[in-house]
Amino acid sequence: MAAVAETLDTVQSLTGSGYKWGFETDIEMDVAPKGLNEDTIRMISARKAEPEWLLAWRLKAYAAWLNMVEPDWAKVGYPKIDYQDIHYYAAPKKKPGPKSLDEVDPELLKTYAKLGIPLKEQALLAGVEPAEGDEPARNIAVDAVFDSVSVATTFRKSLYEAGVIFCPISEAVHDHPDLVRQYLGSVVPAGDNYFAALNSAVFTDGSFVFIPKGVRCPMELSTYFRINAKNTGQFERTLIIAEEGASVSYLEGCTAPQRDENQLHAAVVELVALDDATIKYSTVQNWYPGDANGKGGIYNFVTKRAACRGARSKVSWTQVETGSAITWKYPSCILQGEDSVGEFYSVALTNNRQQADTGTKMIHIGKGTRSTIVSKGISAGRSDNTYRGLVRILPKAHGARNFTQCDSLLIGDQCGAHTVPYIESRNATAQVEHEATTSKINDDQLFYCRQRGLSQEDAVGLIVNGFCKDVLKELPMEFAVEAQKLLAISLEGSVG
Amino acid sequence: MLEIKQLSASLEDGKVILNGVDLTVPSGEIHAIMGPNGSGKSTLSYVLSGRDGYEVTGGSATFEGKDLLDMEPEERAAAGLFLAFQYPVELPGVGNANFLRTAFNAQARARGEPELDAVKFLRAAREAMKRLAMPDDMLKRNVNVGFSGGEKKRNEVLQMAMLKPKLAILDETDSGLDIDALKIVADGVNALRGPGFSALVITHYQRLLDYIVPDRVHVLSAGRIIRSGGPELAKELEATGYAPMVADAA
């Protein structure tokens, strides 16, 4: 089947070997010695001049972690991680958290420019045209996290005027200690699971967002995570709080240099939505996936959870996962408030030797809670792609509803697609629907497109794009473009 | 324009389907190919358009002097060859308008011609749809998904109208059409009729040829053309069936 073979080549060139973000930034780093023990944690806490309560919280998490075992229920296989062979802190030298953009190391600005992430806000603020060669300014505030620290956060001032706090979490600990103390670990407790406990013990930075009562965040917020240093784990922690009636759209992007060694990324994201609040959280995850033979790549073990505490609150997770050697990730919603809404839209593309075990958990606690799950898995090469999802309806969730749609697309005959839905309903008035399909890109579709003049690559892109459409349309415009490029999709025209 | 000489082809398993086809379709002419089931009609259209799964074992096929058999399917399309599929393929999630414009612009790019912007494209598509009595929402629907048999065939003709090929191969486009749809499809083909357009109409039945009157009719049997003639040959076939002709050729 020549067409299928060509398709495989195409997909390969689009994902595996075509990783364009694999460069390394040469910058002087402040790196902690390898290894994990209480001293490491004390050192991280000291570097950030943290208050005593936070150190105590970390040490408690570490103690819990020591008594836990690495989970093995996911459909992923990898050699045992040596947690003593990892650096737990790496930061560019000079002042972490510069007060103004002018103080940011030019090497870092260059790195982010190369990644297409503008850390300049002047052009837009002053209403002038960007200078030649500059990226046109975008109305997005960016927090840039480089290895263990946040190196820049843009548009903070204009956001602050609107009442929005958007800053590195390490700064929030100092500037807004009451908020951090109130909410940190309130959605994902320190000892929640193995990787969350590890994160709680050693997290270094991440973003903090607070949208006060009644405020609609005036622009998209985004955090861009970059792992640069060798043999370093990245353990970021993000906390987003939307008070009553507040709303925010938050985007997250990730890349890493191309390296032969595996690197660990264990993040925790906590979202809190109070009455009538809306949080839209979008991710384009493009960590280095390893080479065609499965050498190198990021181990991505992430805990993301949202608490819809308020009535009519709404949290929407949208993720496009194309990177990482291993993805272990289940963005979830605890639907506690009456009539609260949880959504999960996911595209996971695996190729070569990549392994993804991803999905969601929707926990219906309150009356009239609703959830929607749309998962699109694309497997190529010799990869394994698993959807794992839990829909749990608790006894008091009268009239709760869930709709789940899981579709898998296979390219070639050496990959695997698996769907593992868990449904637990303890309320007879609840409605739970689950639909699943598995299909292959077939030669008829490819030939049809090519007969109309499309190249093989464009045909694959068009078909994959069509397959993912229900998810991609949920992404904010800026990200949709990046995601489409990532999936090697020719732009959807504005027609139709 | 299209020149086929002693073309032979077999399936990947070695089964011979085409066994020395000779056929010339001059520019501006419409030729019909008729023949019983299994005579190689669809194979001929697939080999000419470059589908995988067939091995050309001999002969040649040139289009405006270019060696067709040496070109990728998309190169043949850009050169002006269009195949109206017997079974149009469904593309879930791909909007009809987006698909058509992507195809149009891919061909334009390959030929070094200007691409059409969304507004101009939409205008042209709407006009063509009106002629084909297709409702506007067909552009918004996904390519062939949930289309009735008749809608799928009309969608093929819409694509043909937009892509304006030099040579159209219609592979049993009449199958599954009621008489009204048949007329609409025939009108679509006749609208393109002119000096720069030729077509190869593959069909079982005389019926379609009442509406698309061919310049020549060829009878294909066991992978060879066994008789050629004017439109009256189709009428003769309708009366006698293929059997006497096939027996004569054997």
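How much area do chain A and chain B bury between them? In this predicted model, the two chains bury about 2,600 Å², 60% of it on carbon and sulfur atoms; buried area is the accessible area (1.4 Å probe) that two parts lose on being put together, summed over both.

**View 1. The contact between chain A and chain B.** Chain A gives 27 residues to the contact and chain B gives 40 residues, where contact means heavy atoms within 4.5 Å. The rule finds four salt bridges across this interface (a side-chain nitrogen of Lys or Arg within 4 Å of a carboxyl oxygen of Asp or Glu).

**View 2. The salt bridge of Arg450(A) and Glu74(B).** The closest N and O atoms of this salt bridge are 2.7 Å apart. On the side of chain A that touches chain B, the elements giving two or more residues are helix 1 (2-14), helix 10 (443-451) and helix 11 (456-472) of chain A; helices are DSSP runs (H or I, at least four residues), numbered from the N terminus.

**View 3. The largest nonpolar core.** Among the 107 residues of this core, Ile378(A), Ile4(B) and Leu48(B) touch the most other members. Such a core is a set of buried (under 20% relative accessible area, 1.4 Å probe, protein chains only) Ala, Val, Leu, Ile, Met, Phe, Trp, Tyr and Cys residues joined through side-chain atoms within 4.5 Å. Helix 11 of chain A supplies its largest share, nine residues.

**Notes.** Residues are numbered from 1 along each chain as its sequence is written, and chains are lettered from A in the order in which they are written. Local features need pLDDT of at least 70, side-chain atom pairs count only at pLDDT 80 or more, and totals for chains, interfaces and linings use all residues, while side-chain values use heavy atoms, leaving out hydrogens and water.

Methods: Buried means under 20% relative accessible area, exposed over 50%, partly exposed in between (1.4 Å probe, protein chains only).
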